[in-house]
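Have the structure open as you read, and follow along place by place.

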Amino acid sequence: MTLLTVEGLDIDAPGGRALVRDFSIEVAAGEIVGVVGESGSGKTMTALSLLGLLPDGVAVVRGEASLGGRPFLRGGSVRERPNATMVFQNPTAALNPTMRIGAQLTRLLTFLEKKTASPVNKGRRGRDGRRARAEELLDSVGIAEPGAVMGRYPHQLSGGMNQRVGIAMAIAAAPALLIADEPTTGLDVTVQAQILQLIRTTVADRGIGVLFVSHDMGVIAQMCRRVAVMYRGELRECADVDDIFHAPRDEYTRELLASTMEQAAGGR
Ligand SMILES: Nc1ncnc2c1ncn2[C@@H]1O[C@H](COP(=O)(O)OP(=O)(O)O)[C@@H](O)[C@H]1O
Ligand SMILES: [Mg+2]
């Protein structure tokens with residue numbers, strides 16, 4: 001069943017410069033769908049627009065989106081916050097540098113408790129309950145010593161550890177949809193593989209749908225069966241990754257693949 005439907009999304013910069021044009025996509029529950037394209041092609045703006053997080057002056061001017069059958073964006077205006085969360089590109093920068101990991105997690109859990117419709121924290125109120133829940137979340141993203149990590153600041157942890165924390169924070173709200181924007185860009189190759197695996201198991205276990213954004217066709221091929229190819233704000237094609245590798249229809253997709261192959265060959 002379709003979880004996320006986006007149709008005809010247009011995003012403008014101040015002054016009306018087109019950043020994204022006619023972007024459409026569908027994601028089913030438990031499915032990871034890719035969005036690929038070179039830097040500046042509008043992937044991050046597309047991702048942010050779905051969460052109502054666009055920078056000042058940048059706006060959705062047309063398009064519709066619904067999650068689980070509930071429209072949250074119609075005619076370009078955001079009607080409600082969808083049950084979706086995001087994993088960001090630079091995990092260390094995405095966390096608050098002045099707060100210990102434990103405090104960041106328990107603050108988030110306090111916030112979620114206040115939202116009436118959050119079933120996740122039911123019966124877990126109180127300081128001890130929140131600390132226990134925070135440790136559980138860290139444990140569920142493969143952090144071996146949650147208690148110790150809770151006492152650390154982001155700069156005391158590796159990028160990979162911080163991204164595990166970022167994923168823990170993203171799943172704390174029990175989202176139906178996760179948007180991962182270049183979640184492993186900048187991480188070492190071995191750490192990258194671990195984080196990709198963590199995202200796969202996390203979403204499979206919880207039946208979460210994922211919009212997985214990357215400039216890297218190799219990473220996309222590891223994660224997704226279907227991918228949308230963007231170029232200069234335009235959706236060039238949306239197809240099975242296998243078909244794209246074997247028979248890309250779009251000229252730009254062919255160029256993107258060629259550069260991926262070159263990089264792979266150069267990296268050996
Ligand atoms: N705050 C902003 N205001 C106006 N334009 C922006 C802003 N941030 C990014 N852009 C522009 O939006 C376009 C798409 O950027 P982005 O979505 O970040 O691309 P990608 O994630 O694919 O690298 C780029 O041309 C970029 O310069
Ligand atoms: Mg980006």
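E182 is buried, because 21 other C-beta atoms lie within 10 Å of its own, and 20 or more is enough to count as buried. Please keep in mind that this is a predicted model. You will find E182 in the loop between β8 and α7, the helix of residues 189–206. The phi angle of E182 is near 50°, a positive value in a residue other than glycine.

A174 also deserves a look: its phi is near 50°, again positive in a residue other than glycine. This alanine sits in the loop that runs between α6 (159–172) and β8 (177–181).

G37 belongs to the loop between β3 (32–36) and α1. With 26 C-beta neighbours inside 10 Å, G37 counts as buried. Setting aside neighbours within four places in sequence, G37 is in contact with K43, H215, V229, M230 and Y231. The chain also brings G37 and L256 to 7.6 Å from each other in space, C-alpha to C-alpha, although they are 219 residues apart in sequence.

From P55 to A13 the separation is 9.3 Å between C-alpha atoms, and the two are 42 residues apart along the chain.

## Helix α3 and its two partners

Two packed helices are described by the angle between their axes and the distance between the axes. Take α3 (residues 101–114) and α4 (residues 127–140): their axes come within 9 Å and cross at roughly 110°. The two helices are therefore roughly perpendicular to each other, as angles from 65 to 115 degrees count that way. The crossing of α3 and α4 is right-handed. On the α3 side the contact involves G102, L105, T106, L109 and T110, while α4 brings R130, R131, R133, A134 and L137. These residues divide into 4 nonpolar, 3 polar and 3 charged.

What angle does α3 make with α6? The two pack at about 10°, with their axes 10 Å apart. That makes α3 roughly parallel to α6. Here I101, L105, L108, L109 and L112 of α3 meet V165, A168, M169 and A172 of α6. By class, this contact has 9 nonpolar residues, no polar ones and no charged ones. Notice that L105 and L109 of α3 are named in the contact with α4 and also in the contact with α6.

## Helix α6 against α7

α6 also packs with α7: their axes come within 10 Å and cross at roughly 15°. These helices are therefore roughly parallel to each other, and α6 passes α7 in a right-handed crossing. From α6, the residues G160, Q163, R164, I167 and I171 take part, and they meet V191, Q194, I195, L198, I199, T202 and R206 in α7. The residues of this contact divide into 6 nonpolar, 4 polar and 2 charged.

One last stop is Q156, in the loop between α5 (146–150) and α6. Q156 is exposed, with 12 other C-beta atoms within 10 Å. Where does T92 lie relative to Q156? The two are 64 residues apart in sequence and 9.8 Å apart in space, C-alpha to C-alpha.

Methods: Residues are numbered from 1 along each chain as its sequence is written. Chains are lettered from A and ligands numbered from 1 in the order in which they are written. This is a predicted model: local features need pLDDT of at least 70, side-chain atom pairs count only at pLDDT 80 or more; totals for chains, interfaces and linings use all residues. Helices (H or I, at least four residues) and strands (E, at least two) are DSSP runs, numbered from the N terminus. Axes are lines fitted to C-alpha atoms, for helices over the stretch in contact, and angles run from 0 to 180 degrees between N-to-C directions. Angles under 35 degrees count as roughly parallel, over 145 as roughly antiparallel, 65 to 115 as roughly perpendicular and the rest as oblique. A crossing is left-handed if the near helix is turned anticlockwise from the far one by less than a right angle, and right-handed if clockwise. Two residues are in contact if their C-beta atoms, placed from the backbone, lie within 7 Å. Ala, Val, Leu, Ile, Met, Phe, Trp, Tyr, Cys and Pro count as nonpolar, Asp, Glu, Lys and Arg as charged, and the others, Gly among them, as polar.
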